[in-house]
Amino acid sequence: METLTALVSRFNPSVQLFPSLGNSSAVSKVETIDLLAQAKEVVKRLQDSHHKISPLEDVLDFLSKEVPKSLVNLVDSALLTVLSLPHKDQNSIRESPSKPCICFNDCSSLEGIVRRWSYQDDLEKLLASMKYNLKDDFSVVLQTSVQDASRPPSAVGWANVNSAKTPVESPGKEFAALGVGIWNNMMSPIGQKQSYHFAEIPKAKCPSQEHPYFFTYKNSNYSSFPLESQAEAVSEQRSFGTIIPCSVRDPSDTIPASVHNLRPADIKIIGALGDSLTAGNGAGSSPNDVLDVLTQYRGLSWSVGGNENISTVTTLANILREYNPRLLGFSTGKGTQDKSNAYLNQAVAGARSESVPSQARRLIDLMKTDSTINFQEDWKLITLFIGGNDLCNHCEDPVRWSPENFISNIQTALDILHKEVLKETLPVGLVEAIVPRMFVNLATILRVSTLRILYQDKRVSCPRLIMRFEIDLHSSSHSNSGKTAIGLCPCVLDPDDNSTEIEMLESFNRRYQEETHRLVNSGRYDTREDFTVVVQPLVEDISMPLTQDGLPDRSFFAPDCFHFQQKTHSQAARALWNNMLEPLGNKTNSQVLEEEITLNCPTQEQPYLMTYRNSNYTYFREAPLTYGSQMPCEDRDPSITSPTSVHNLKPADVQVIAALGDSFTAGNGIGANPNDMWNMNMQYRGLAWSIGGDALLTNVTTLSNIFREFNAKLTGYSTGIGGPSEPNAFFNQAVPEATAKDLPEQVKHLVRLMKNDLRIKFESDWKVITVFIGTHDLCNYCKDINHYSAVNFSNYVREALDILHAGVPNALVNLVEVMDLLPLRQLFLDSRLPCPTHLAE
């Protein structure tokens with residue numbers, strides 16, 4: 001604090017300095033205080049007191065009573081828990097490595113963020129109450145603290161406080177920036193104070209003729225609570241019940257065999273997957289009770305809550321209970337997904353798309369082990385809504401939260417529920433975990449940038465800091481890092497308007513929606529009569545609800561201004577129900593939340609939940625391109641007798657074809673449409689260049705189809721899609737992402753298959769085996785030049801060929817050279833090409 005002392009002494013040279021503990025040179029080695037220990041102690045006390053500030057209030061009461069003529073700077077420590085502080089060993093003056101303080105549980109978790117905000121909010125409310133501003137000779141002012149984790153320099157010296165922002169690399173006091181920062185905040189009105197950083201020293205502010213005083217709550221004319229609009233206050237009193245105007249409520253005469261003939265009253269089981277919006281976080285919280293956002297009001301959840309009944313609580317489950325009072329699966333009360341009252345609401349607060357597959361597995365286990373559920377016979381309705389948390393973090397890791405990975409996670413979850421999924425796409429042991437008789441609502445992600453309006457309008461009371469906790473990791477110990485945002489949704493709220501970050505957010509958001517539609521439009525989940533997935537776009541283009549004053553209406557939101565309040569859950573339930581009864585191609589994707597949403601009704605003419613078939617809807621699919629060839633060769637006869645030498649082998653003599661290698665031979669993504677990155681994991685083995693056998697040569701050009709023009713009885717070629725263990729893979733034993741090290745095992749497996757297959761004569765049939773490997777070795781060469789060396793590569797290939805040479809008679813082996821990968825770089829370097837550059841390392 002010597003920097004602050006120096007600033008004050010310029011106005012009063014007689015000011016006295018009382019050395020502070022910590023980094024003061026006046027403190028002896030034995031007395032040196034470990035700053036990290038101090039920080040941990042602060043956190044411990046806050047945790048022990050559940051973030052109550054009564055001990056601090058006692059301290060301030062004591063100062064107010066005993067110390068006259070005092071201005072107390074109370075520095076906000078809400079961000080202290082995320083700082084990496086330099087600290088000194090109490091037994092040694094040398095600096096120890098920088099370590100992060102212990103967070104309240106997980107720094108980035110909803111609980112950690114809300115509790116840090118709650119502590120900071122309690123401080124602000126205490127001081128804004130004017131309790132410590134009633135006396136003329138005493139005041140307490142809350143000052144913002146350092147807001148990055150960069151380690152300050154250890155050099156000792158004085159920095160020029162009159163200059164503009166000065167980099168701290170030059171010699172200066174360890175905490176010079178902190179001294180100038182708190183000085184500037186003392187010269188700033190309440191509500192206009194700025195955070196400061198270790199990395200730079202700002203220019204010191206000066207008193208002015210208009211404002212020659214330090215600012216307090218009284219002379220700042222500050223009020224921390226914006227006035228609530230009358231329209232907002234009135235809207236809080238509206239009922240959340242709904243009247244069902246529908247007369248057609250009967251179930252089918254017999255349990256329907258087809259999902260396309262499914263009536264609302266036929267639904268016996270309801271469930272849901274997703275994140276905190278489905279878990280119901282904050283849905284029943286009182287206004288301004290931010291800490292209660294941690295409470296999961298599952299009984300109020302829009303898609304699956306079952307509290308009370310439709311006259312007081314509008315949810316999809318309560319609507320369906322008017323059609324089938326014996327409905328099972330809905331959640332009630334409060335609690336996490338592990339509580340019994342959550343039932344089949346398996347949404348997890350804070351979840352991202354990558355956790356949805358595990359939610360789906362747990363949902364299956366719960367249904368299969370519940371004695372009240374007839375797993376095979378009961379019709380089930382599951383609603384999946386996810387993606388908000390992916391977008392909230394996409395700027396931190398654009399690859400992990402890419403649209404491609406998002407839709408891949410959704411596909412995996414839906415595949416787990418869908419019987420026709422290929423075994424290779426499911427984890428071991430999950431193949432039999434299939435759910436019959438299911439209608440899946442796949443709700444598309446809303447346009448999350450709409451939330452920015454709520455936080456940007458300062459007339460609306462929102463806990464803005466809760467969304468924007470951020471640490472700056474630009475320091476010597478984090479040389480490869482940038483800013484890390486740990487708020488609730490920093491990637492949405494932090495960027496400036498019209499910035500490249502906002503463009504990226506809008507692009508990801510739009511592609512999340514587009515890829516969701518494209519996945520379902522592929523027809524992947526319409527291969528059975530008892531299963532379908534329908535995209536419900538109810539909030540796809542939703543707008544911010546407004547009060548009669550034209551302000552964003554925060555009464556639709558939980559106290560954190562992010563999660564849904566019960567009013568919004570009610571509107572979302574009505575909108576989802578209406579979507580379910582609207583035909584495909586004519587579904588409502590934009591809701592005016594502040595207006596009444598009237599429920600649609602089934603009719604005698606159309607009593608069913610709408611699917612692609614009963615909507616007479618045809619999914620738009622791009623016309624498949626054909627890559628066929630013509631065979632100009634006239635001489636297609638085999639040898640008169642089977643050749644005894646490979647050197648006399650004619651094309652028509654070949655009776656068996658096989659292949660080994662990596663994803664190029666497995667056929668990854670060959671049949672994917674442009675921009676369908678989610679399909680890159682699909683192995684189109686029937687289209688594989690060296691062994692695929694889909695269709696005929698006139699439509700699909702592969703080595704196998706060329707050989708089949710010479711020998712129609714050729715065998716061994718792969719067809720369709722799937723992994724190497726699928727029967728249709730046959731002798732295509734290539735494995736995606738395989739390297740040369742994996743090749744010998746592929747060969748051994750192929751030899752075993754050939755010997756045991758009764759369709760071929762292993763000893764006498766002539767075989768063509770194509771080996772293509774090395775791409776993934778080159779892709780990973782820079783990570784371990786010894787492991788992926790040319791010597792090791794050639795040794796592995798030699799070992800594989802030796803096994804073939806010793807164990808497979810009558811064989812011609814094509815050993816294809818390793819591909820030159822350098823030309824592929826141009827696909828990523830040329831910005832004119834629409835390649836997913838965010839996936840390139």
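## Cysteine exercises

At 61% relative accessibility, cysteine 206 counts as exposed. Keep in mind that this is a predicted model.

**Exercise 1.** Work out the handedness of the link between cysteine 395 and cysteine 491, then say where the two partners sit.

*Solution.* First check the bond: S to S comes to 1.8 Å, so the 2.5 Å cut-off makes this pair a disulfide. Then take the torsion about the S-S bond, about -80 degrees, so the link is left-handed. Now place the ends: cysteine 395 lies in the loop between α10 and α11 (403–417), while cysteine 491 is in helix α13, 96 residues apart. Finally, look at accessibility: cysteine 395 is partly exposed at 36%, whereas cysteine 491 is buried at 1%.

**Exercise 2.** Which elements hold cysteine 462 and cysteine 561?

*Solution.* Their sulfur atoms are 2.0 Å apart and form a disulfide. The torsion of -90 degrees goes with a left-handed link. As for location, cysteine 462 is in the loop between α12 (451–456) and β10 (470–472), and cysteine 561 is in the loop between β12 (531–536) and α15 (566–581). That puts them 99 residues apart, linking distant parts of the chain.

Terms used
Residues numbered from 1 in each chain as written. Predicted model: local features only at pLDDT ≥ 70, side-chain atom pairs only at ≥ 80, totals over all residues. Heavy atoms only, no water. Helix = DSSP H or I, 4+ residues; strand = E, 2+ residues; numbered from the N terminus. Buried < 20%, exposed > 50% of the residue type's maximum accessible area, 1.4 Å probe, protein only.
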